[in-house]
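Here's a quick tour for anyone meeting this structure for the first time. Have a look at it below, then follow the notes topic by topic.

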Amino acid sequence: MELKNKSLFKQECFIGGKWVKSLNNDTIQVDNPATLKSIGNVPKCGKEETKNAIEAANDAFLNWKNKTAKERSIILKQWQDLIIKNVDDLAHIMTVEQGKPLAESKGEILMGASYIEFYAEEVKRVYGDIIPDPLPDRRIVVIKQPVGVVGAITPWNFPSTMITRKCAPALGVGCPVVIKPASQTPFSALALAVLAEEAGFPPGVFNVLTGSASEIGKELTENPIVKKISFTGSTEVGKILLKQSASTVKKVSMELGGHAPFIVFEDANIDEAVSGAIMSKFRNSGQTCICANRLFVHEKVYEEFLEKFVKKVAEIKVGNGLEESTNSGPLIDQYSLEKVKDHVQDAVKTGAKIAIGGDIHKLGGNFYQPTVLSNVTNKAKITYEETFGPVAPIYKFSSDEEVINLANDTPYGLASYFYARDIGKIWKVAEALEYGIVSVNTGLPTKAEIPFGGVKESGLGREGSKYGLDDYLEIKYLSLIHISEPTR
Ligand code: NAP
């Protein structure tokens with residue numbers, strides 16, 4: 001790693017304020033998805049180390065929750081400042097372990113920092129309530145308190161933001177956190193822990209441990225000390241964690257998979273729709289939960305959209321994310337590459353045409369060509385499954401009702417997009433789409449101020465915005481009897 005601040009590259013876990021190895025010294029090797037070369041090793045922790053981290057977090061809880069919101073906010077701000085100060089190194093670490101282009105990594109680090117900034121301010125406004133009681137001598141008082149120790153499990157596609165989006169509200173309201181990052185991108189998480197330590201979080205408040213997903217996940221979900229699980233990842237793993245969490249009736253937040261429709265109506269501004277689709281589909285090489293996965297284009301503008309879209313896709317420069325000119329990196333691993341290959345071959349077998357791309361990239365390894373498929377049919381797997389790769393399947397439609405039904409025909413309900421100008425149509429379609437996020441005339445809806453999250457099998461709960469605090473708070477009702485004489 002070529003870093004200015006070499007202390008950011010850690011190959012140990014951070015538990016109870018100490019940097020530690022796994023108890024049996026086992027490690028996991030982490031590879032660069034662009035070069036396939038090893039970057040380093042992280043501890044392979046299991047049940048015992050997870051218990052230690054949970055206990056350290058619990059020991060820190062009382063002191064942390066009893067600090068004032070302002071005191072916690074000051075430490076959060078210091079963490080944010082340190083992240084911004086180290087943005088270049090953090091982006092470098094991310095690109096080396098995750099593959100996304102440096103500019104995207106930098107954007108993600110700053111986005112992650114913006115969640116900390118937002119919650120450092122918002123946690124000062126965790127208000128309670130006083131409700132009029134129907135009986136004359138009583139008062140109903142509502143206060144909000146931190147849930148307790150939080151277990152957070154995060155994916156590889158956003159190795160930094162998925163951590164800050166959970167931890168900033170949790171830490172801000174007074175909950176200590178135990179984080180398990182994805183095994184393919186642990187170094188971004190460990191670098192955040194280096195800066196959290198420097199920012200002044202007391203020992204045990206911020207813990208990161210790497211290792212066996214199933215062992216760590218089982219302990220986090222079944223240990224009664226943990227009061228809340230916040231997970232971002234696949235729907236499949238989310239369902240396992242939900243079942244495990246039932247044994248101790250934990251609060252849960254689930255940010256799961258998506259299968260976003262991207263609709264272009266006949267009155268859309270086609271040039272805007274093309275740039276929105278490029279941004280939504282090809283960011284992070286198509287490996288985001290809110291990537292456009294099915295592009296529905298009205299028959300009257302289909303040819304125009306397809307021609308302009310393919311022209312833009314041809315300009316995408318695939319390569320190692322560390323190279324300045326690259327704007328699309330590799331896929332995360334061979335398993336992902338095989339899934340993309342399979343989806344494209346299956347779509348072609350069921351009637352689709354390749355408009356551009358359609359094969360492994362000449363760079364080999366984990367690189368795949370940015371691909372556009374036209375005339376895709378509803379028999380293709382890609383119509384129903386999340387591809388998580390740089391493939392844009394395009395479908396033709398002729399009526400509003402038809403496209404709304406097609407868009408909603410999925411168990412997922414995270415993000416959706418559409419481009420239109422008629423205000424009546426905009427309201428009608430926005431209300432009819434069964435999605436947690438409806439993005440109208442823009443391909444990039446994410447920011448700290450919005451309630452991010454899905455419906456149906458895309459998840460439970462919201463992250464970001466004032467609503468993101470609720471997931472880490474319990475509501476307590478105080479029934480107060482007013483025993484003195486009423487005052488005038
Ligand atoms: P994943 O396979 O579900 O893994 C996510 C995390 O869960 C990783 O840390 C993984 O650890 C861990 N994990 C795997 N099996 C586990 C188990 N049995 N118990 C506990 N933890 C376990 O997902 P991914 O491939 O990393 O990420 C891609 C998926 O995430 C996509 O479906 C995408 O749509 C979704 N996603 C959703 C959002 C959202 O906000 N809704 C955001 C980003 C991504 P290891 O790495 O050690 O296996």
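You're looking at a predicted model, in which local features need pLDDT of at least 70 and side-chain atom pairs count only at pLDDT 80 or more, while totals for chains, interfaces and linings use all residues. Residues are numbered from 1 along each chain as its sequence is written, and side-chain values use heavy atoms, with hydrogens and water left out.

**The seven-stranded sheet**

- Thr371 and Val391 belong to a stretch where strand E15 (residues 371-374) and strand E16 (residues 391-397) run parallel, joined by three bridges. Strands here are DSSP runs (E, at least two residues), helices are runs of H or I with at least four residues, and both are numbered from the N terminus.
- Zoom out and you'll find an open sheet of seven strands with mixed pairing, ordered E14-E15-E16-E13-E12-E17-E18. Two strands pair if DSSP finds at least two bridges between them.
- Strand E14 (353-356) and strand E18 (437-440) sit at the edges with a single partner strand each, so one side of each has no neighbour in the sheet.
- From one strand to the next, the twist averages 25 degrees. Axes are lines fitted to C-alpha atoms (for helices, over the stretch in contact), and angles run from 0 to 180 degrees between N-to-C directions.

**Helices on that sheet**

- Helix H10 (residues 302-314) packs on the sheet and touches strand E12 (260-264), strand E13 (292-298), E14, E15 and E16. Contact means heavy atoms within 4.5 Å.
- The direction of H10 makes about 170 degrees with that of E16.
- Helix H12 (residues 400-408) packs on the sheet too, touching E12, E13 and E16, and its direction makes about 170 degrees with that of E13.

**The three-stranded sheet**

- Three strands make an open, antiparallel sheet in the order E5-E6-E20.
- Its edge strands are strand E5 (129-131) and strand E20 (473-481), each pairing on one side only.
- The twist averages 25 degrees from one strand to the next.
- E5 and strand E6 (residues 138-146) run antiparallel and are joined by three bridges; Asp129 stands opposite Val142 in E6.

**Around the ligand**

- The ligand has 29 residues around it, and Thr154, Ser183, Ser234, Leu256 and Glu386 come nearest. To count as near, a residue needs a heavy atom within 4 Å.
- An N or O atom in the side chain of Ser183 is 2.5 Å from an oxygen atom of the ligand.
- Lys180 has a polar side-chain atom 3.1 Å from a ligand oxygen atom, and for Glu255 the distance is 3.4 Å.
- On its own the ligand has 910 Å² of accessible area, and the protein covers 85% of that. These areas come from the Shrake-Rupley method with a 1.4 Å probe; for residues, only the protein chains shown count as cover.

**Two loop residues**

- Thr446 lies in the loop between E18 and strand E19 (459-460). Its relative accessible area is 17%, so Thr446 is buried (buried means under 20%, exposed over 50%, partly exposed in between, with a 1.4 Å probe and protein chains only).
- Not counting residues up to four places away in sequence, Thr446 touches Met111, Tyr115, Ile290 and Phe452.
- Gly351 lies in the loop between helix H11 (334-349) and E14, and is partly exposed at 40% relative accessibility.
- Leaving aside neighbours within four places in sequence, Gly351 is in contact with Asn375 and Thr377. Gly351 and Thr377 are 26 residues apart in sequence and 6.4 Å apart in space, C-alpha to C-alpha.

Notes:
Polar contact = N/O pair within 3.5 Å; in protein donor to acceptor, adjacent residues only side chain to side chain.
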